[in-house]
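Opening the notebook on this one. I want to look at the interface first, then at one chain by itself.

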Amino acid sequence: MTKQIALVRNLKIAAVTFALLLAVVEQTRGQTSTADTSSSSNLPDDPNLSSWGIDSIHRMTQGVRGAASCATSSCHGGPKAGVSSLGAPRGSEYPLWLERDPHAQSWKTISSEASLKILTKLGILRDGKIAYAEGFQNCLACHNTDPNITAEQLSPRIAEGVGCESCHGPAEPWYDRHYQGSASAKFAKTNLGLTDSGPLVPRAKICASCHVGSKDRDMNHDIIAAGHPALYFDMAVYHEAYPKHWRDKDQNQSNFRSKLWLAGKIAMADAELELLESRACKSLPVSTWPELSNYQCNSCHFQLGGIPKANSQPDHDVVTRGRAPVRDWNLNGFAMLSAIPAPTQSELVNSLNGLRELLQSPNPDSKLIAAKSHQLRIQLFNSINENGKPTLPAWSMKSQTAISIQRLDETRQSNSWELAAEAYTAVWATHPNTSTGHLALVMNTIRNGLLFPKDLMMPHFPRQQSGGTSPSLREWNEALQQAVVALKNDELR
Amino acid sequence: MTGQKFVLPMLAFTLGILSSTLIAAAEPTHSAYHATVPTGVNSIGVKECAACHSAPNPIYDALGVTKFVRLVEATEWRERDKHAYAYQLVRQDLSPDELEKDERKSNQLSIDITSKLNWKPEERKNKFEQKCLTCHVGMNASERSPKVDPKFNIQFGVQCESCHGPGSEYTKLEHHQQVSWRAKSPEEKAELGMWNLSSPSTTAKICLSCHLGNIDEDRFVSHDMYAAGHPVLPPFDLQVFLDAMPPHWRPLQEKPLFENQAEYNRVHFDIPGNSDEIQSAIRDSYDKTRRSMLGGLAANDLGIELIHQGTAKPSTWGDYSNYNCMGCHQELKKNSTQIRPHSRTPGRPFPANWLTLDYPNIHVSSRDTHASLTREMLASFDSVPFGDAQRLNQLSVKHLQSLADRFQDRRKMEKQVMSKKDVVQWLDFLNTSRQESLTDFWVAKQTAWMVCVAIDELVERGDLKIDSVSPSQRELRELLRLDLQLLQKQSVLSVQKSILETAQHFDAARCKELIDLLVNTAVSRR
């Protein structure tokens with residue numbers, strides 16, 4: 001019972017902290033296509049990267065059956081209340097998705113008033129008709145299971161949104177064969193393209209391919225400027241809030257959330273690099289170069305007129321003053337993973353720094369950036385490759401927590417919301433008991449400092465003077481210092 | 001911009017057209033302004049000029065030249081003109097004590113800016129000269145003063161020759177000290193190095209090479225410099241800027257007639273009638289509005305020229321200073337996407353808007369060409385983030401070609417006077433052609449300046465009652481902070497801050513209303 005209350009509280013914290021992030025959930029779907037050769041993307045596939053275990057979704061050519069075809073009461077559509085053993089299929093996946101999963105609302109979102117405005121501003125919709133098919137395809141790639149949908153159907157009740165096959169793969173090749181006998185599902189996973197969403201790294205990559213992007217899903221600066229919320233994905237936070245239609249064997253273990261967080265960091269970096277390579281190659285018609293969403297929002301988006309050094313601009317070094325620092329949200333997570341051995345990690349960080357420098361140069365060379373991104377993806381994959389499968393390396397919860405707290409401490413002197421928010425999430429995910437007692441209060445203080453102000457679509461962080469929920473720079477530093485001391489003390493206990 | 005860059009496209013253009021008027025018209029924009037440095041001519045420094053131009057002198061009175069010049073120019077300039085302080089404001093060799101005492105904090109700002117620009121110690125001096133002193137002294141612009149005489153002292157900031165042209169030739173006894181010099185044509189004077197400041201276009205070109213920028217002359221405030229703290233350049237209006245300077249000149253209308261007056265008028269104007277009629281037409285010309293209009297058109301040309309210079313090497317194009325500041329520098333409010341005009345692709349930086357000015361009375365086909373080229377340029381800015389450099393370069397060449405053609409028109413305009421009817425027509429034209437771009441603070445400010453100059457002149461001439469316009473004008477002045485910030489004992493940064501805050505929160509709809517109201521008042525009193 002206490003556990004349940006704690007969980008509910010966790011959920012609340014997660015939900016409030018990332019209110020904006022969560023708003024994004026309902027607009028996206030998890031689906032992937034690392035080896036998708038048939039979409040409009042013309043980026044070549046790399047055999048070195050084909051082993052993510054989720055390369056089976058050929059969303060453009062493979063037939064989609066639709067969520068309703070899974071909903072037979074004897075399959076995934078029944079209540080099946082009796083099935084309770086961990087790891088056993090619940091049998092009630094479909095109704096659970098339909099009633100509680102925000103992904104099921106995705107079609108409602110894309111045909112909403114606000115969304116129609118965005119589509120119009122982007123020139124995708126004109127006079128009620130789709131005027132820019134590739135642009136619309138790019139939207140559907142995340143907002144609907146079946147991307148082959150025509151303009152006339154853009155009404156609230158037509159399509160299913162992000163349904164079963166968005167994450168599990170189009171069902172045509174395996175539909176008839178995945179339920180015939182106990183080994184058939186496994187066979188379908190290995191040979192027929194049913195996605196194996198069990199292992200956490202590939203699972204996170206499925207989510208990230210929409211919630212970050214992929215080579216055929218580019219939610220870019222144009223779209224954000226037209227009104228789409230910017231994406232701030234975090235695997236552990238999202239997973240916590242998600243109404244799950246499955247059970248994980250280890251879901252009750254104390255380090256499960258940490259595992260998700262860790263898998264998420266790897267998958268986010270990989271997805272971001274995949275997207276970056278695709279953008280630099282301009283492999284999608286909607287992509288642009290230079291792509292402004294590769295940079296931190298508030299490096300440009302701040303009010304002029306502040307005395308230099310005292311505005312909400314991130315504090316970057318003199319070399320990049322006047323240029324935009326790279327958005328690190330998805331990219332540098334692996335730099336804080338205790339699981340990656342030190343020499344490998346510093347190689348990764350070096351490569352990332354090189355890439356970052358290229359991106360921050362005045363006229364970023366797209367070809368070089370594409371090549372470097374690709375190289376870094378392979379490097380990252382090799383660092384977690386076990387028998388050709390991306391696998392969470394062995395790691396210690398204790399040292400990971402220590403690193404996370406250290407990171408949080410370091411953000412005290414920095415003006416970067418991204419670093420601070422990332423460190424906060426890391427502590428929340430890797431520290432075993434931040435949700436109760438004194439630590440919960442401490443985390444609450446930090447969280448308040450990170451919240452976006454009421455009318456803004458971006459952080460205003462930290463302010464010179466406190467206003468609304470934003471603490472002043474001094475208040476933020478003090479709160480953070482106290483929080484770090486409290487967290488460290490708890491570590492020692 | 002040298003003439004050479006244009007030889008080929010110009011040749012192709014003229015051959016293609018084969019029309020005698022257009023062949024005459026097709027010349028490089030820059031040289032058309034007659035503000036280039038002839039070979040072998042140098043700057044000699046303000047001290048040489050000050051020898052005569054400091055105080056009235058009975059000898060010169062007797063010779064008759066003081067009728068035209070006041071001979072207090074150097075004194076006026078030294079004591080009151082902001083340009084004389086241009087170097088002092090940025091010099092970096094003050095003692096800590098002097099830095100502390102300086103209330104404007106401009107020298108400290110200068111030190112901060114250059115240190116943030118992160119120049120290597122060994123290149124500091126050169127870079128300071130090349131990036132800062134080109135404007136703050138007006139020195140070393142390759143085109144304007146290739147060889148600087150040792151007597152030319154940077155301490156004196158932007159001095160006589162920075163605007164009047166290098167003086168090593170025309171200061172010789174047989175030239176500008178003679179009464180006969182006055183009747184010489186601007187072209188003859190330019191050959192000896194003296195630029196024609198009775199021409200608003202030439203004057204504006206000279207001002208704008210610093211006040212807007214000129215990459216070829218090493219005068220360009222880059223985004224790195226802004227980000228390091230350089231104050232933002234205001235938009236430009238020739239008449240407003242001249243009004244803000246302590247006049248060391250005598251307006252044409254106040255200059256006495258002289259024996260060669262008829263010849264002078266013939267060289268400088270193209271007005272029908274006998275010499276008395278011509279003389280009175282010149283006297284009655286609405287010259288402030290004329291200067292404002294021709295200055296605005298020059299700013300328009302030079303804005304395109306700046307794009308041409310910036311895109312010459314496509315790989316280096318895209319300095320953020322080419323774009324509207326507020327396009328990016330705004331906090332992302334929940335409703336901020338509703339403010340942007342719908343015609344543009346969301347998320348693409350848009351150019352600092354100098355491209356939209358045209359003028360009444362121009363031939364329809366020329367106006368259409370201008371409008372369609374402007375549209376194409378804007379479309380190219382919109383096609384990819386920061387604009388397609390190659391395409392912009394092609395378009396700017398085309399644009400400059402058509403402007404060279406139009407420059408003939410401009411010259412004709414310069415040789416004509418402006419009547420009350422012309423002023424009202426200009427106001428009406430401004431109001432209708434700029435409606436859409438008034439959401440941009442800088443365009444709004446430039447437009448409001450032009451409107452106010454014309455309205456003020458109508459009031460001055462008794463064509464409008466001051467009561468009918470002054471409340472709206474006062475409001476407009478405040479809304480856009482139209483008054484220039486002159487030498488104030490106030491920190492540069494705090495002045496900047498309040499200007500930028502005004503820019504960020506200005507009420508575009510109200511600005512539109514006020515301009516509309518003012519123009520309609522003028523039009524209905526016609």
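I started with the contacts: 37 residues of chain B touch 33 residues of chain A. This is a predicted model, so I'm keeping that in mind for everything below.

Next I looked up the area. Chain B and chain A bury about 3,300 Å² between them, and 59% of that is on carbon and sulfur atoms. On the chain B side, B:K116, B:E331 and B:L332 lose the most area to chain A; together they make up 21% of what that side buries.

Then the charges. How many salt bridges cross the interface of chain B and chain A? I got one. B:R348 pairs with A:D222, with the closest N and O atoms 2.3 Å apart.

By type, the chain B side splits into 15 nonpolar, 14 polar and eight charged residues.

I get 57% of the 493 residues of chain A as buried. For contacts in chain A with a separation of 6 or more, 70% come from residues 24 or more positions apart. Chain A exposes about 20,500 Å², with 54% supplied by carbon and sulfur atoms.

Key:
Residues numbered from 1 in each chain as written. Chains lettered and ligands numbered in written order. Predicted model: local features only at pLDDT ≥ 70, side-chain atom pairs only at ≥ 80, totals over all residues. Heavy atoms only, no water. Contact = heavy atoms within 4.5 Å. Buried area = accessible area lost by both parts, 1.4 Å probe. Salt bridge = Lys/Arg side-chain N within 4 Å of Asp/Glu carboxyl O. Nonpolar A, V, L, I, M, F, W, Y, C, P; charged D, E, K, R; others polar. Buried < 20%, exposed > 50% of the residue type's maximum accessible area, 1.4 Å probe, protein only. Areas by Shrake-Rupley, 256 points an atom, 1.4 Å probe, with all protein chains shown as cover.
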